[in-house]
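Biologist: I would like to go through this model with you. Could we begin with the overall fold?

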Amino acid sequence: MEDWLLWLLVGIVLNILEIFFPGFIPACFGFGCFAAAIAAALDFDLTVQIAVFTATTFIVFLSIRPVFLKVLSRNTHTVATNTERLVGMIGLTLEEVSGLQGQVKLEGEIWSSRSDDGRRLPPGTRVRVLRVEGNKLIVTANGVHPSLN
């Protein structure tokens, strides 16, 4: 088998592997193989082919890969988690909620909670969820936060 054909086939395989192992690393080596295939087709010896492969891979890795990864990261969007949908909902305190702890019933589930402003909220108070921190709901009294008025 001709050297240039071998380099070309390896380059194609590496670029196909990029589909399964994204991150532009197999593709960098694939482009190096394509450059080495050109060197082989021009009848350079194996040492030159390997040097071309190494140099091209290095250049592509340092110059094109960061740009490629930046373009890909722009297209990723954050996925809202299930707890993010709780923000803004109205719940009911089951026990006193202070700035440190308490319990709120929300959609039939009991959540650990604390008040946003440190006020003590007696049992039976309607509260609005302002945010979720870890597994704890941060709530405010009467379902309305003072800053939202």
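Modeller: Read along the sequence, the protein follows the pattern α-α-α-β-β-β-β-β. Please keep in mind that this is a predicted model.

Biologist: How spread out is the protein compared with a compact globule?

Modeller: The radius of gyration is 30 Å, well over the 15 Å that the globule rule gives for 149 residues, so the protein is more spread out than a compact globule. The C-alpha trace spans about 85 × 25 × 25 Å along its principal axes.

Biologist: And how much of the protein is buried?

Modeller: Buried residues make up 30% of the 149 residues. As for contacts with a separation of 6 or more, 40% of them come from residues 24 or more positions apart.

Biologist: What is the average pLDDT?

Modeller: The average pLDDT of the protein is 87, and 91% of the residues score at least 70. Over residues 145-149, however, the pLDDT is below 50. That stretch has five contacts in the model beyond near neighbours in sequence.

Biologist: What does Arg-65 touch, then?

Modeller: Leaving aside residues up to four places away in sequence, Arg-65 touches Gly-23, Phe-24, Ile-25, Cys-28 and Val-60.

Biologist: You mention Cys-28. How many disulfides are there?

Modeller: The count comes to zero disulfides. The closest cysteine sulfur to that of Cys-28 belongs to Cys-33 and is 11 Å away, which is too far for a bond.

Biologist: Are those two cysteines buried or exposed?

Modeller: Cys-28 counts as buried, at 1% relative accessibility. Cys-33 is buried as well, with a relative accessible area of 2%.

Biologist: Changing topic to charges: how many salt bridges does the structure hold?

Modeller: The structure holds six salt bridges. One of them joins Glu-96 to Arg-120, with the closest N and O atoms 2.8 Å apart.

Biologist: Where do Glu-96 and Arg-120 lie?

Modeller: Glu-96 lies in the loop between β1 (90-93) and β2 (103-106), and Arg-120 in the loop between β3 (109-115) and β4 (126-133), so the pair ties together parts that are 24 residues apart in sequence. Glu-96 is partly exposed, with a relative accessible area of 39%, while Arg-120 is exposed, at 60%.

Biologist: Which residues are linked in a network of salt bridges?

Modeller: The network links Arg-114, Asp-116, Arg-131 and Glu-133. Within it, Arg-131 pairs with Asp-116, the closest N and O atoms being 3.3 Å apart. Arg-131 is in strand β4 and Asp-116 in the loop between β3 and β4, 15 residues apart, so to speak of this pair is to speak of a link between distant parts of the chain.

Biologist: And what about Glu-133?

Modeller: The side chain of Glu-133 also meets that of Arg-131 in a salt bridge, at 2.7 Å from N to O. Glu-133 counts as partly exposed, at 35% relative accessibility; Arg-131 is likewise partly exposed, at 33%.

Terms used:
Residues numbered from 1 in each chain as written. Predicted model: local features only at pLDDT ≥ 70, side-chain atom pairs only at ≥ 80, totals over all residues. Heavy atoms only, no water. Contact = heavy atoms within 4.5 Å. pLDDT = per-residue confidence, 0-100. Disulfide = S-S within 2.5 Å. Buried < 20%, exposed > 50% of the residue type's maximum accessible area, 1.4 Å probe, protein only. Helix = DSSP H or I, 4+ residues; strand = E, 2+ residues; numbered from the N terminus. Rg over C-alpha atoms; globule rule 2.2 N^0.38 Å. Salt bridge = Lys/Arg side-chain N within 4 Å of Asp/Glu carboxyl O.
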